[in-house]
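Student: I'd like to learn how to read a few local features off a model. Could you take me through some?

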Amino acid sequence: MTPIDTLRAAHARGELPSTAEALALAAVEDTRALAALAAELRDQGFGSVVTYSRKVFIPLTHLCRDVCHYCTFAQVPRKVQAPYLSIDEVLETARHGAEMGCKEALFTLGEKPELRYRAAREALAEMGFDSTLDYLYHAAKRVHEETGLMPHLNPGTMTPEELRRLRHISPSMGIMIESTSERLTEKGMPHYGSPDKVPAVRLKTLADAGEARVPFTTGILIGIGENRTERIESLLAIRELHQRYGHVQEIIVQNFRAKPDTKMAHAPEPDLNELLWTIAVARILFGPSMSVQAPPNLSPGVLEKIVAAGINDWGGVSPLTPDFVNPEAPWPHLDDLAAQTRAAGKSLHERLTIYPRYAQDLDTWVDSELHEPLLNATDADGFPRTDRWSPGEPVEPPEDVLAAISAKPKCVSADVEQILTRVETGEPLSEAEVVRLFEARGDDFSAVAQAADRLRREVNGDTVSFVVNRNINYTNICYFKCQFCAFSKGKLSENLRGRPYDLSHEEIQRRTKEAWDRGATEVCMQGGIHPEYTGQTYTDIVKAVKEAVPDMHVHAFSPLEVWQGAASSNKDLDGYLEELKAAGLSTLPGTAAEILDDEVRQIICPDKINTDQWLTVMRAAHRAGFRTTATIMYGHVERPVHWARHLIRVRDLQRETGGFTEFVPLPFVHMEAPMYLKGKARKGPTFREAILMHSVARLVLHPWIPNIQSSWVKMGHAGVVASLNAGCNDLGGTLMNESISRAAGTLHGQETSPQQMIRMIEHAGRKPRQRTTLYENAPAERIAAGLAAGELTEIINTPAQKYERTGKRELLRPGLIAVSAD
């Protein structure tokens, strides 16, 4: 077995190379074989995605106390216009960068120049600062506050105190180790006379950053006199600290470029083979999960080969400022970088200065003051939001995602292709496989959307259905404290939209009759959990509807209401469901599901029914002969793994009972939601995520749930049309009134008429079909009535006389009680 075969086997067992195995790589000359293994590992961790950060470069000072023999960034005072950029110069550059779409402000500066130059000390004193790092803190804070850019700080060596202070205003920092070879600090070598380049000093900063929980970038500089063994030793030193602290975001492999007017102006540069060999070795030593980066401007014309050697990141690329460290090497244009990345079989995607896995764990890695802006800036994977679309906002979907839905994929990741093949053969997907589909970007995204659409055509043909219905939210008073809800009213939520109301039976009946006159076949009824409501209350609401319009289909009561109704009536679930059926209840909506994972529910709705209780109610409802829907409310605090668990739990119950008629993704509308206003949630899913939710739901739930619905209230009409090309076959109801999403801030209206539904469907090239709740064809008389409907009468929300308890009945918290399902 060759050394490379040994390493491949170790990685297959989940093991990184030992120190001895790593050092043995110095003798391996077969760069192509190393690169092949490295590329395999990279693909395991990052699939088809190669990332970059859109940055603006801010050289706060060119003064430096070190005298590295290869550096042109560092200057002496007589060669600079001023020792430091002024704060106005800093902000001007940052503002221009923000206008050009940058998200990172990279602060690069010489190391502690005030310890060497009087000019630096005097300039700092004049500005009112004690040190360069004091000024750095001030400048980075101003940049973030005034432009929204996220600072990434590269000030060199730092003390633990300095790291902790700078952590307050920067989500990530970095220091290039360059080399741990003491030999390079000897006389005549490139680090001679540079106290901050002593390996132990730099490694101490890297270790202190780990102690301080700072996401850190680091790496090595090759071609400055070190040998291959010394490179490996440097990488192993970094790996040891990362294994201890877990804080290294990326390993940079930077190739030395000779520069005029330096002591190394005529030194030979490392050739391409050395660069590729080192990249491959770095990937092999750190494995699939570490980001490995090579600056694209230092190796023009060979980027495809660099990708093939195992990188997954190009680092920061600026559309505005030059690379001040390597001014002779201009950044590639982003369009060119994307094209060259695509030519290498990968898709280029933007990231933030803080890498996704750290952005997904803000409590551990980022100061609390930066949580809210990072949540606003990121998607569920920790990547940046790159457009303005959010559910409920009147913003057109991003063109690039719309185009990707139908674009022919050219470079689909092998694992994604395998998963899609499993779907076609009818095999249930695992949690890991579902998560992988949710991670799809670029060509993988196109492949997932198109696979879902093929299934839609197979199952539903080109028909798109909708139902004419009316939402009746009978009360907005609720004693639960769900953190996503802006609809419910209670003692602590009077400041939110709308006054508290509790509809009279007369108003419910009036709305029901009006709905029937306007062509409805269904009323959908849900509300807050009023502290005075009992199981009898819900039964009486159903009876009131059936008394007004006996033929109206009553689609009502989430599992939370059913659980609360049963418990407050001292009945088991089966008995209470039979009571509701006798009163005239027809089907149940699958709301209150939110995310069917208690890790998330403990954050967003800790006193609500838990995952098992929701599933228990649905199982009992299906056993009683009710058909129900199933929903997911996503895009707030959860991650793709929670989406996967949710879909699998719905799928598994459907395989058991067959009771779900449809699956309805409900993207989180953030604008008025309490947890968003408190800075604790993202601003809903991105449009890419919203499309993927519909597509992946189709793939995971096939063939067990045949209907995937898109919510026009949250997606908007353009978003709905797009989802019809990504696996959806149903547009839900016309609604007539919509209160819950409007309370959260959606601006997509209260009603989409049958005529508008038909136009949307035909615009997508599909055939409209008006249906009933149970997916039968709507009667011709109902269709005619809907098309002839006039304007709605203004609704009357019966003011609540009270919404505090008057009796001594204990409020029910479902997670704390046991209701028999037998």
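Tutor: Below we go through side-chain contacts, a pocket, cysteines and some backbone features.
This is a predicted model, so local features need pLDDT of at least 70 and side-chain atom pairs count only at pLDDT 80 or more, while totals for chains, interfaces and linings use all residues. Residues are numbered from 1 along each chain as its sequence is written, and side-chain values use heavy atoms, with hydrogens and water left out.

Student: Let's start with N460. Where is N460 found?

Tutor: Helices are DSSP runs of H or I with at least four residues, strands are E runs of at least two, and both are numbered from the N terminus. N460 is found in helix 19, residues 443-460.

Student: Is N460 buried or exposed?

Tutor: Buried means under 20% relative accessible area, exposed means over 50%, and partly exposed is in between (1.4 Å probe, protein chains only). N460 counts as buried because its relative accessibility is 18%.

Student: Which polar contact does the side chain of N460 make with another side chain?

Tutor: A polar contact is a pair of N or O atoms within 3.5 Å; within protein, one must be able to donate a hydrogen and the other to accept it, and residues adjacent in sequence count only if both atoms are side-chain atoms. The partner is the side chain of R698, at 2.9 Å. The N460 side chain also reaches the backbone oxygen of P706 at 3.2 Å. For plain contact, meaning heavy atoms within 4.5 Å, N460 touches R698, P706, N707 and N729, not counting residues up to four places away in sequence.

Student: What about R511: buried or exposed?

Tutor: R511, in helix 20 (residues 505-517), is buried, with a relative accessible area of 2%. Its side chain has a polar contact of 2.8 Å with that of N797. Leaving aside neighbours within four places in sequence, the residues in contact with R511 include R470, I472 and L503.

Student: What volume does the second largest pocket have?

Tutor: On a 1 Å grid over the protein atoms alone, a pocket is an open set of points with protein on both sides within 12 Å along at least five of seven lines, and lining residues have an atom within 4 Å of a point. Grid points are joined across faces, edges and corners, and a volume is the space filled by probe spheres set on the points. Here that comes to about 860 Å³.

Student: How many residues line the second largest pocket?

Tutor: The lining has 30 residues, of which L348, H349, T386, D400 and G442 lie nearest the centre. Elements giving two or more residues to it include helix 19 and helix 28 (687-701).

Student: How many disulfides does the structure hold?

Tutor: A disulfide is a covalent bond between the sulfur atoms of two cysteines. The test is a pair of cysteine sulfur atoms within 2.5 Å, and the structure holds zero. For C64, the nearest cysteine sulfur belongs to C68, 6.6 Å away.

Student: And the backbone: which residues does a cis peptide bond join?

Tutor: H702 and P703, with omega about 0°. P703 sits in the loop between helix 28 and helix 29 (712-723).

Student: What is phi for N570?

Tutor: N570 has a positive phi of about 55°, although it is not a glycine. N570 lies in the loop between helix 22 (559-568) and helix 23 (573-583) and counts as exposed at 75% relative accessibility. A592 also has a positive phi, near 65°, but A592 is buried at 8%.

Technical notes. 1 Å grid on protein atoms, 1.4 Å probe; cavity = no way out; pocket = protein on both sides within 12 Å on 5 of 7 lines; lining within 4 Å.
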